[in-house]
Amino acid sequence: MEAVPDPRTKVLLRSEETGGHVSMTEIVVPPHNAGPPLHTHNFDEAFYVLEGELIFQIEDRLESKGVGQLSFASRNVAHALANHSSAPARYMLVCTPAGFERHWARVAAQAAGIDPPQWAMQNIPEITVVGPHIART
């Protein structure tokens, strides 16, 4: 099977700009992307779909979301997302408290073949994998 590229990301609002309260990152998920495996962490995430369609797993519930729809994962609740479609999907990720945007800044820098910005080198909140990727149906 061919390797699937990483998502493209653009951090729009970071921890240092909000006193650590909130971050916002625009993320483009390539087609046929398994996304992260089922995981938990100690921050809330809101996913607002701007283009395409994504599948979200929140605990044991699966839901497809399209343009203009929102999915929410409370802190410490197991969740995952995937793009099983043949088109890219774009969404806005809002995290509270902030900090995980540093991960996305590092992903963007690696994709561009450059060093991440200094602010992205601070600690990233811990992620705990608790299950597999969302299965293709």
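My notes follow, starting with the ground rules.

**Ground rules.** I am working from a predicted model, where local features need pLDDT of at least 70, side-chain atom pairs count only at pLDDT 80 or more, and totals for chains, interfaces and linings use all residues. Residues are numbered from 1 along each chain as its sequence is written, and side-chain values use heavy atoms, with hydrogens and water left out.

**Helix α2.** I looked up α2 (residues 101-112) and found twelve residues spanning 17 Å from first C-alpha to last, close to the expected 16 Å. That expectation is 1.5 Å times one less than the number of residues. Helices here are DSSP runs (H or I, at least four residues), strands likewise (E, at least two), numbered from the N terminus. I then checked burial, meaning under 20% relative accessible area, with exposed over 50% and partly exposed in between (1.4 Å probe, protein chains only). Glu-101, Arg-102, Trp-104, Ala-105, Val-107 and Ala-109 of α2 are buried. Their cover includes β1 (8-13), α1 (15-18), β2 (23-29) and β9 (89-96). After the helix comes Gly-113, with a positive phi near 70°.

**Nonpolar cores.** I next searched for sets of buried Ala, Val, Leu, Ile, Met, Phe, Trp, Tyr and Cys residues joined through side-chain atoms within 4.5 Å. The largest such core has 18 residues, and Phe-47, Leu-54, Tyr-91 and Leu-93 have the most contacts inside it. β2, β4 (44-51), β5 (53-58), β9 and α2 each supply at least two residues of this core. β9 gives the most, with four residues. Another core, of six residues, lies apart from it and has Leu-38, Ala-78, Ala-80 and Ala-82 among its members.

**Salt bridges.** I counted a side-chain nitrogen of Lys or Arg within 4 Å of a carboxyl oxygen of Asp or Glu. The whole structure gives six salt bridges. In one of them, Arg-102 pairs with Glu-16, with the closest N and O atoms 3.9 Å apart. Arg-102 lies in helix α2 and Glu-16 in helix α1, so the pair ties together parts 86 residues apart in sequence. Arg-102 is buried at 10% relative accessible area, while Glu-16 is partly exposed at 36%.

I also looked at Arg-90, whose side chain meets that of Glu-26 in a salt bridge (2.8 Å, N to O). Arg-90 sits in strand β9 and Glu-26 in strand β2, 64 residues apart. Arg-90 forms a salt bridge with Glu-51 too, the closest N and O atoms being 3.0 Å apart. Glu-51 is in strand β4, 39 residues from Arg-90.

Key: Contact means heavy atoms within 4.5 Å.
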